[in-house]
Each structure stands twice: as C-alpha cells, then as structure tokens.
Amino acid sequence: MFERYASGERAVLVHVDFSDETNKEALSELQMLVSSAGVEAVEVVTTSRSAPSAKLFIGSGKVDEIAAVVNAVDANVVIFNHALSPSQERNLEKIVKCRVIDRTGLILDIFAQRARTHEGKLQVELAQLRHISTRLIRGWTHLERQKGGIGLRGPGETQLETDRRLLRGRIKAILRRLDKVRKQREQGRRSRKRAEIPTVSLVGYTNAGKSTLFNTLTDAGVYAADQLFATLDPTLRKLELQDVGPIILADTVGFIRHLPHDLVAAFKATLQETQEADLLLHVVDYADDQYRENTDQVNEVLAEIEADDVPQLTVCNKIDRLEGMTARIDRDENEQPIRVWVSAQQGIGIDLLQQALIERLSKTIVQRRLKIPPKASHLRGVLFGLNCIAAQTYDEDGDWVVDVRMPSADWQRLLKRENGELEGLVVEH
C-alpha cells in the first residue's frame, strides 16, 4: 500500500520560490531530506510564483518542462518541496508520467526508514495511513466496480469503500496499541515523579546536534549522523548531577519546518516526554544561517503539543564552526542561566552546561555537620550510599564528624527513615 523508495532511485526536485512567507521552504533543506531518504537528486527545477495553482500547484508550462527533464535524465520520481493535495499529485503524474511525491510524503518515508522500535513503527504507520487515506484512488483501476455475481453479492461496496473501511479498522487498532504505550509511559513518569527525579528533554530543529550532545553528556552511544531525522525513537538515560542527584535525560525526534500534522498527532505518546519535562534543553545550531527561523519553528511545534510553558535552557551548539566564539553562560537579570554556548562534538563548554543544569534544577540544598558515635556506625553506610559527604574527620572522643550536603527532600526522607535519630546528632547547621 505504501510507496517506499528503493536505494538508487533517481529524482527530479521541484522548488517553488513563493513571495508569501507562509509557503516558503529552503531548497538546501529539501536536498538534505532527499539525501537522508537515500535518493539520488539528478536535477533541480526551480520557479517563482505569487501563489500555488489549484490544479497543478505550478504553471502548466513549468510542468511540461519537468516532464521533459524527467524523460531526459531517466528519473523515476519527482519530489516537490511543498505539500500537494491528492488531486494535484494525480494531475501532475498524468503529465510527467512518473510518481510525484510531496514534502510530507518524503518526510513520512524517512520516518519509515528510521523507525526501529515497535512503538516507532506503529507511530509511523499511523501517520502513513492517515496521509494515504486521502490518496487511495491512485494506481487502482477497479475502485468503483461494485461487487456482484455468484458468491459476491451482498455488501454492495465499491472497492474504494472496502479499502477505506479496512483502513479505518487498522487505524483504530494502532490507536488502541499506542494508547497502551501512552499508559505505560505515564506509569514510568509517575514513578519518576514519586522518586522526585527531574526529567530534562532535548528538543530542537532536526540535525541541530541533539543526539551528539546526548551522547557527550551520558555516553549513551545513540546513533548520531549529519543527516535529517537521524533520531526517531526516543531514548532515556540517567545522569548524575552534583547537588541535584539523578536526572532523566530524554533525546527526542527533531522538528522541521511545516512538520506534517499527521506526524505530530502520531507521535503524541513520544512527545509527551517533552510536554511533562521539568526543563527543555533547546539545542540550536548557531552555525546555520537560518537558526532564527529554525528556533521559531521549534517553538511553534512546542506550542502545538502544549509544551510551550515548560521552562527552557537554550544550548547554542556548534560554536567550533564560528570564528572567535568561546564557551560561556548567558544569564538573565536574576542571574539565572538562559543560554549556554557549547560544541557537543568537540566537548567544548559541556562543564558549563552541567553547571547551568545544576543551577536550573537544584532544589533547596541542606548542609549539616553531624557527630556520629561508634554505636550509630550503621549511619555511615547510609550516608556513603547517598554520596552526600562533603568532608569527614574524627574528634578526640573517637566520634565521626562529617559534613553532609544533599537536597532538602533527601534530608527529610532520611530523617523519616531513621526515626528522627539524626536530628540529635546535628552539631552545626
């Protein structure tokens, strides 16, 4: 049912330069998308328009030119850098005599190639089914033929109606399974909240360096490459931060300009990690000339998934490609970190990023000096286990004098667990 690219396909790319900002796309981004899909771009056809044509999206003369180019370079697919309606795709295919794919179809195909986990495959299939449900008429010659004859009388459905019914059934089945996945994720989030473990979610434009940063911080070994949508399946890892304790770092799928709505809807379960995070690390490729537009696009998608009110810390990445740029932390008027300048690939500024994370996530820190007699020696193991000892010594009585430093919540839990015994051992706040 789905159109899948075979390696080595030859494509003609079509880019329209619109005067209207809402329809504008970047040609360089289309070329990266095509490369990520494993397709060879043999020719690029460009044109300018003030608005799309309802029938063919572009002018009829330009379509004839594309048909001639397809014939000359022996291409087997035409890829538009814009979203086409089903009727526009069909009208174009009749003239150019080969498959026509729009930007949405191309992104869906890349997602289908990248999905590795069961959940990822379900999400991509759901997005593909929703996209293809409006395009079922393509390639079928018997869609309006009624079932009839001996053994076939009964439902009175056309083949098209049967296909749509089967499609609806499959979509419902996938939604049920994804609902189960969503509930499992919610359960994991609830248990992390009970343990008071903060979650930090990496967000950003595709190819901004999120997975490289994720690997640098956690040694996770997640696949990272200089291509669009290298990461599709979300990865969670635990990271220890001084004064904060363990945090969960989540690497998520990258966003892109005009991200298809079917994809946003299909990836709701995954994007909930972003929605319910304590802090978003917004990774921006500052070496990209369009970093401002890309940042705006990410914020638009965050608003669409209702995650725009989650606190953000901007990570200005790839400073190794910028002349005279050094690692630093930018702060607001309250001295709170708002931007950190780093190079994830070179490991520059990672210590500053960790410092900024500690400042943004650290709760009230409790500092106490305890005097622990030999009879309470079991507390030594407890304190060592919490990794909260800042300094230790012994006095003339043989008592262990220890300075502890830990989050307030951990101190309260410890007091409760030891039935208040610790309170009597405190000698200095």
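Which residues gather in a patch of positive charge on the surface? The first legend gives the answer, and the model shown in every view is a predicted one.

**View A. A patch of positive charge on the surface.**
Arg164, Arg168, Lys172 and Arg176 gather here in a patch of positive charge. One of these residues, arginine 164, is found in helix H6, which covers residues 159-194. Arginine 164 has a relative accessibility of 39% and therefore counts as partly exposed.

Side chains of opposite charge can pair when their charged atoms come close. Aspartate 179 is partly exposed, at 28% relative accessibility, and lysine 183 is partly exposed too, with a relative accessible area of 48%.

Glu293, Asp296, Glu300 and Glu304 form a negative surface patch. Among them, glutamate 300 lies in helix H10, residues 291-304.

**View D. Two residues with positive phi.**
Glutamate 306 is not a glycine, yet its phi is positive, at about 60 degrees. The residue sits in the loop between H10 and strand E9 (312-317). Lysine 318, also not a glycine, has a positive phi of about 65 degrees. Its place is the loop between E9 and strand E10 (328-331). Are these two residues buried or exposed? Glutamate 306 has a relative accessibility of 57%, so it counts as exposed. Lysine 318 has a relative accessible area of 11%, so it is buried.

A search of the whole structure finds 12 salt bridges. One of them joins glutamate 40 and arginine 10, whose closest N and O atoms are 3.8 Å apart. Glutamate 40 is partly exposed, at 41% relative accessibility. Arginine 10 is partly exposed as well, with a relative accessible area of 28%.

The side chains of lysine 371 and aspartate 395 meet in a salt bridge of 3.2 Å, N to O. Distant parts of the chain are linked by this pair, 24 residues apart: lysine 371 is in strand E12 (residues 365-372), and aspartate 395 is in the loop between strand E13 (389-394) and strand E14 (400-407). Lysine 371 counts as partly exposed, at 30% relative accessibility, whereas aspartate 395 is buried, with a relative accessible area of 18%.

**View G. A buried serine in a loop.**
Serine 343 is located in the loop between strand E11 (337-341) and helix H11 (350-361). At 1% relative accessibility, serine 343 counts as buried. The side chain of this serine reaches the backbone nitrogen of glutamine 346 at 3.3 Å.

**View H. An exposed alanine in a loop.**
Alanine 54 lies in the loop between strand E2 (40-49) and helix H2 (60-73). With a relative accessible area of 70%, alanine 54 is exposed. Glutamine 88 is 34 residues from alanine 54 in sequence, while in space the two are 7.4 Å apart, C-alpha to C-alpha.

Key: Residues are numbered from 1 along each chain as its sequence is written. This is a predicted model: local features need pLDDT of at least 70, side-chain atom pairs count only at pLDDT 80 or more; totals for chains, interfaces and linings use all residues. Side-chain values use heavy atoms; hydrogens and water are left out. Patches are made of residues with over 30% relative accessible area and no salt bridge: like charges are joined within 9 Å, nonpolar side chains (Val, Leu, Ile, Met, Phe, Trp, Tyr) within 5 Å. Accessible areas come from the Shrake-Rupley method with a 1.4 Å probe; for residues, only the protein chains shown count as cover. A salt bridge is a side-chain nitrogen of Lys or Arg within 4 Å of a carboxyl oxygen of Asp or Glu. Lys and Arg count as positive and Asp and Glu as negative; His and the chain ends are not counted. The place of a charge is taken as NZ of Lys, CZ of Arg, CG of Asp or CD of Glu. Helices (H or I, at least four residues) and strands (E, at least two) are DSSP runs, numbered from the N terminus. Buried means under 20% relative accessible area, exposed over 50%, partly exposed in between (1.4 Å probe, protein chains only). A polar contact is a pair of N or O atoms within 3.5 Å; within protein, one must be able to donate a hydrogen and the other to accept it, and residues adjacent in sequence count only if both atoms are side-chain atoms.
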